[in-house]
Amino acid sequence: MEKERKTEVIRSTAEMREVVARLRSAGETICFVPTMGYLHRGHLSLIEAARKRADRVVVSLFVNPIQFGPNEDYDRYPQDFDQDLAACRESGVDYLFCPPGEEMYPPKYSTYVDEERYSRHLCGISRPNHFRGVLTVVAKLFNIVCPDFAVFGQKDAQQAAVIRKMVADLHFGVEIMVEPTVREEDGLAMSSRNIHLTAGQREDAKMIFQALTRAREMVESGVTNTDRVEAEVTNMLTSRRRLRVIYVEVVDSETMERRREIVSGKSLLAVAVWVDEVRLIDNTPL
Ligand code: AMP
């Protein structure tokens, strides 16, 4: 019989630890879905996968200040707690963990987790301390929630790769699951930041998925040269007035290192663009 799910909101690390200890002693498995909130269907697909995988689902909601650069959008990152709680209730989340900022980063906080290879490509270049911030918060959350499984989105492919590497290198006993990107009807990858797009920007942003699709078609028709694919995708993106390319790169899907030749099943095309002042990323396996 389906267990009754009534999302319990947890607002301290001590309380989260107590819950985890209770679940563990009852022999229940935990699947964890870390988020920054403003939940959309992409997040919900991770929650659905989590429900299938373990007895209990913990979702965290924390806009992690240390993964944003000084001129980035931390101050205007969208938030709507009531809507997020309602979404968690509807999708059968057991615990919504909202750690207070003061507990996560008290004054004089000074310990960080860094990964020195996979994180140095793609977004690691344009957002220098981003992955250090991500890994630090994910490591902390793993230590508090002690999950058996944790789910991430393929939408942030480099983030997933860097987290997998940290888990392997630091012997975290958690199995990482990666779920496919959920898209709007016209192909735009769902993102909390899409809310910032005006109608005109939204229209131009469609080109991202069109360019990724074109790249996949090129590879399916036999193109293996990275330069050719990257050039075509760059041309398509820059044909839109509001788009500025941050990077367009074919990389190894595990290490995020650039590849000269596309290797079917092992290559990933990753793009990051500015749509005016909104930064969007997307990718497709090739
Ligand atoms: P965020 O709240 O943006 O930090 O994202 C939380 C998790 O949701 C991350 O693992 C993301 O990769 C994942 N995610 C974000 N957007 C999507 C999407 N469109 N499809 C699937 N997963 C997503």
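This is a predicted model: local features need pLDDT of at least 70, side-chain atom pairs count only at pLDDT 80 or more; totals for chains, interfaces and linings use all residues.
**Entry 1: charges**

I started with the charges: the protein chain has 39 positive and 44 negative ones, and their mean positions lie 2 Å apart. For this I counted Lys and Arg as positive and Asp and Glu as negative, leaving out His and the chain ends. Each charge was placed at NZ of Lys, CZ of Arg, CG of Asp or CD of Glu.

**Entry 2: what I am looking at**

Residues are numbered from 1 along each chain as its sequence is written, and side-chain values use heavy atoms, with hydrogens and water left out.

**Entry 3: the whole chain**

I looked up the secondary structure and found nine helices and nine strands in the protein chain. These are DSSP runs numbered from the N terminus, with helices (H or I) of at least four residues and strands (E) of at least two. The radius of gyration is 19 Å, close to the 19 Å that the globule rule gives for 286 residues, so the chain is as compact as a globular protein of that length. That radius is taken over C-alpha atoms, and the rule is 2.2 Å times the number of residues to the power 0.38.

The C-alpha atoms fill a box of roughly 55 × 50 × 40 Å along the principal axes. I also noted that 53% of the 286 residues count as buried. Buried here means under 20% relative accessible area, exposed means over 50%, and partly exposed is in between (1.4 Å probe, protein chains only).

The accessible surface comes to about 13700 Å², and carbon and sulfur atoms hold 47% of that. The areas come from the Shrake-Rupley method with a 1.4 Å probe, and for residues only the protein chains shown count as cover.

Then contacts, meaning heavy atoms within 4.5 Å. Among those with a separation of 6 or more, 73% are between residues 24 or more positions apart.

I went to Gln 67, in the loop between β3 (56–61) and α3 (81–90). Buried or exposed? Gln 67 counts as buried, because its relative accessibility is 9%. Its side chain makes a polar contact of 2.9 Å with the side chain of Asn 64. By polar contact I mean a pair of N or O atoms within 3.5 Å; within protein, one must be able to donate a hydrogen and the other to accept it, and residues adjacent in sequence count only if both atoms are side-chain atoms.

Leaving out residues up to four places away in sequence, Gln 67 touches several others, including Met 36, Glu 72, Arg 127 and His 130.

Which side chain does Arg 127 join in a polar contact? It is Glu 72, at 2.5 Å. Glu 72 also turns up among the contacts of Arg 127 beyond four places in sequence, along with Gln 67, Phe 68, Arg 193 and Arg 279.

**Entry 4: two positive phi values**

I checked the backbone next. Leu 122 has a phi near 45°, a positive value in a residue other than glycine. Leu 122 sits in the loop between α4 (101–104) and α5, and counts as buried at 4% relative accessibility.

Asp 276 is not a glycine either, yet its phi is positive at about 50°. This residue is in the loop between β8 (267–275) and β9 (278–285), and at 29% relative accessibility Asp 276 is partly exposed.

Glu 230 belongs to helix α9 (residues 226–238) and is buried, with a relative accessible area of 9%. Setting aside residues up to four places away, Glu 230 touches Val 248, Glu 249, Val 250 and Arg 258.

Val 250 is also one of the residues that Arg 259 touches, again not counting those up to four places away; Thr 226 and Lys 266 are among the others. I found Arg 259 in the loop between β7 (243–252) and β8, partly exposed with a relative accessible area of 22%. I also looked up how far Arg 259 is from Arg 11: 248 residues apart in sequence and 44 Å in space, C-alpha to C-alpha.

**Entry 5: Gly 42**

Last, I looked at Gly 42 in helix α2 (residues 41–53). Gly 42 counts as buried at 13% relative accessibility, and beyond four places in sequence is in contact with Val 182 and Met 190.
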